[in-house]
Amino acid sequence: MANQQSIEIIQCACLDTGIAFFSDPLISHETLVADVTPNRLAELFCHRHQTDQLTVLSGRLDLVILQNRQFQLIRMKQKDRTWVRIPPRIPHAAIVRGDQAATVVNAVLRHGPVDPRDYQPRPIPRALIPQWQALQSLDAANRSCAGAPVHPTAGRG
């Protein structure tokens, strides 16, 4: 059965004073803060009973989504605060290019029990391996996405 849910990109309602950043909270069951280290070999993950709601506090990362048999690239960065809501059963990965970690907040919504398989890498569909490899090897100067669409509202500026 095809998943009818889709990714949402929400402008962050916030106040950034330059000294402190204040964001309106999102409804969640738990909130996680993680440093995502620079990587070129990201892995694809898929949560069965969890909605991820992600924003970047510092740094930048490329969020890669697999939906409708196509990869989509969403650029997230500190200067353009957005929340990206990823519903259950949508595979996704985070790539930090460059040499600085990105600090990310995940306001998690739980829809059932945690499944240990949710945190094990998923295989890339064979037909998409060339596109996946191209996404992994993009350098910071060439930010085109090897045929995958870049979400029009994310990563501006």
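**Pairing and basis of the model**

Two strands are taken to pair if DSSP finds at least two bridges between them, and helices (H or I, at least four residues) and strands (E, at least two) are DSSP runs numbered from the N terminus. This is a predicted model, in which local features need pLDDT of at least 70 and side-chain atom pairs count only at pLDDT 80 or more, while totals for chains, interfaces and linings use all residues. Residues are numbered from 1 along each chain as its sequence is written, and side-chain values use heavy atoms, with hydrogens and water left out.

**Overall composition**

The protein has 10 strands and 1 helix, and from the N terminus on its elements follow the order β-β-β-β-β-β-β-β-β-β-α. Of the 157 residues in the protein, 42% are buried, that is, under 20% relative accessible area with a 1.4 Å probe and protein chains only, whereas exposed means over 50% and partly exposed lies in between. Among the contacts (heavy atoms within 4.5 Å) with a separation of 6 or more, 82% are between residues 24 or more positions apart.

An open sheet is formed by 5 strands in the order 1-8-5-10-4, with antiparallel pairing. Strand 1 (8-11) and strand 4 (30-36) stand at its edges with a single partner strand each, so one side of each is left without a neighbour in the sheet. Neighbouring strands of this sheet are turned against each other by 25° on average, direction ignored, where the axes are lines fitted to C-alpha atoms and angles run from 0 to 180 degrees between N-to-C directions.

**The hairpin of strands 6 and 7**

Strand 6 (residues 60-67) and strand 7 run antiparallel and are joined by 8 bridges, with Lys 77 in strand 7 as the bridge partner of Arg 60. The two strands form a hairpin with 2 residues between them, and Asn 68 in the turn has a positive phi of about 55°. Strand 7 (residues 70-77) is mostly covered, as 7 of its 8 residues are buried.

**Helix 1 and its cover**

In helix 1 (residues 129-137) the buried residues are Gln 131, Trp 132, Leu 135 and Gln 136. They cover an arc of only 140° around the axis, which puts them on the same side of helix 1; the arc is that of the directions from the helix axis to the C-beta atoms. Their cover includes strand 6, strand 7 and strand 9 (92-95), while the exposed residues Pro 130 and Ser 137 are carried on the face turned away from the buried side.
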